[in-house]
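This report describes selected features of secondary-structure packing. Please consult the sequence and the structure shown here before reading on.

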Amino acid sequence: MYTHLHKELEKLKTLSLKMASYVKESLKDCIYAFKNMDTDLAQQIIDGDEKINHLEVKIDEACLKLLALEGPVAKDLRFIIGCMRASIDLERIGDETANIAQTTIILSLKPKLPFYSELTHMGNKSLEMLEYALESFFKPDPDMAIDVCKMDSTVDKLNNDIIREIIAYMIKEIPAIERSVYCINIARRFERIGDLATNIAESGVFIAKGINIKHYCQFDNR
Amino acid sequence: MKPYNTKIKVKNLNFFYGKKQVLFDISMDIYENQVTGLIGPSGCGKSTFLRCLNRMNDLILNTRVQGEVCLDNKNIYDPDVDVVELRRKVGMVFQKPNPFPKSIFENVAYGLRVQGIKDKELIAQRVEESLQMAALWDDVKDRLNESAMGLSGGQQQRLCIARAIAVQPEVLLMDEPASALDPIATRKIEELIFELKKNFTIVIVTHNMQQAARIADYTGFFLMGKLIEMDKTEVIFTKPNKKETEEYITGRFG
């Protein structure tokens with residue numbers, strides 16, 4: 001039986017998919033803008049953040065209404081809670097992309113540093129994580145979520161390596177300290193995006209299986 | 001390890017109306033001082049099952065029971081069981097409030113008099129205690145001799161609960177006790193159930209799933225005469241194990 005609640009849940013899914021797609025595009029664009037020092041695109045990302053924020057509020061309202069009026073239970077309840085959690089993570093990823101875009105505009109006025117390609121590589125890894133996380137969330141496919149958790153370790157390692165490299169560079173090149181600090185910020189933000197993508201994948205597991213794998217990232221032996 | 005003592009243990013229970021089997025191999029533990037909710041679509045057998053717990057179905061002609069219902073390890077279907085005593089131990093509250101056309105006092109005192117208690121002081125004391133436990137005392141203490149029929153629906157149902165608990169049962173069976181009441185009276189009954197479980201083991205049949213979610217510690221889901229799933233209520237309503245349960249509680253069933 002297809003009920004009013006299920007129609008509303010479909011609407012919530014559509015909203016969440018829309019937000020996910022905006023955030024994914026924003027991350028893709030911010031990596032491209034950084035790589036090519038494209039300030040116009042960077043500005044578009046900053047301006048586009050409002051659209052993402054607006055969707056977060058809409059999802060929040062839709063979830064609140066469903067919880068208050070429909071008395072959802074079991075997988076419906078878990079889907080609503082999962083969407084609420086994911087929308088918070090997506091909004092934060094949106095903020096991080098806007099911050100990276102902002103830093104890109106600043107860096108575009110200064111000479112390039114040698115580790116931009118590594119940062120771009122790290123950005124692409126975080127994008128890959130987000131794409132995987134969203135696919136596992138919406139399918140939902142809990143096994144893919146475990147892959148996202150594994151990918152997070154790669155991004156963490158890239159972050160550590162890049163920061164070590166930047167610090168070594170700063171010691172030698174004192175005039176480049178300001179630019180280098182901006183680059184550390186970018187690395188940290190990509191790393192954070194990886195963490196948030198992991199959260200989204202974990203929310204997908206919660207929806208599919210009703211178990212909480214936060215901070216743990218495994219299904220069994222719990 | 002079981003979290004609570006088992007008050008009623010149902011083992012492989014089958015029930016027949018004539019040749020038609022309506023309950024199939026039901027096994028269930030009902031825990032002491034816990035509320036067990038029974039949910040399921042109309043005609044799934046949950047009320048029949050409830051009535052098996054104090055042999056109310058004995059009153060219906062041409063019915064047959066197989067299996068065991070053990071109350072404190074004693075099968076209530078054993079031939080030596082005194083059914084009147086059984087029903088004192090296992091009381092029942094029905095869907096529609098059914099007070100006797102007597103005074104409020106006499107409604108509650110009725111069961112005690114049937115038991116042969118003649119001590120007026122003891123009767124008065126039990127009536128007051130029962131009305132207090134049923135959260136009705138403050139409403140009626142100044143009009144105990146007035147007709148029970150003058151009470152509101154919610155008050156009448158609480159009176160029926162007082163009447164059921166006056167004979168000091170151990171288990172209370174409730175068959176949709178709030179379905180004929182408005183939301184405020186329903187809430188009062190639900191709050192009352194929270195209080196009553198301190199003293200009694202409660203089994204409640206309800207069509208209102210949110211009510212089961214609110215008040216039951218354990219919930220059993222019945223479908224076509226079978227117990228599909230029984231678990232802690234929070235598990236049933238957040239992460240049921242059976243597909244049928246999930247479909248029913250999320251409204252995808254049918």
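## Strand pairing in chain B

Thr219(B) stands opposite Asp231(B), a residue of strand 10 of chain B. Strand 9 (residues 218-223) of chain B and strand 10 of chain B run antiparallel and are joined by six bridges; strands pair if DSSP finds at least two bridges between them. Strands (E, at least two residues) and helices (H or I, at least four) are DSSP runs, numbered from the N terminus.

## Basis of the model

The model is predicted: local features need pLDDT of at least 70, side-chain atom pairs count only at pLDDT 80 or more, and totals for chains, interfaces and linings use all residues. Residues are numbered from 1 along each chain as its sequence is written, while chains are lettered from A and ligands numbered from 1 in the order in which they are written.

## The sheet of chain B

The open sheet of chain B consists of six strands in the order 6-7-8-3-9-10, with mixed pairing. Its edges are strand 6 (90-93) and strand 10 (226-232) of chain B, each pairing on one side only. From one strand to the next, the twist averages 20°.

## Two helices of chain A

The axes of helix 4 (residues 116-138) and helix 5 (residues 142-172) of chain A come within 9 Å and cross at roughly 165°. Axes are lines fitted to C-alpha atoms, for helices over the stretch in contact, and angles run from 0 to 180 degrees between N-to-C directions. Helix 4 of chain A and helix 5 of chain A are therefore roughly antiparallel (angles over 145 degrees).

Terms used:
Angles under 35 degrees count as roughly parallel, over 145 as roughly antiparallel, 65 to 115 as roughly perpendicular and the rest as oblique.
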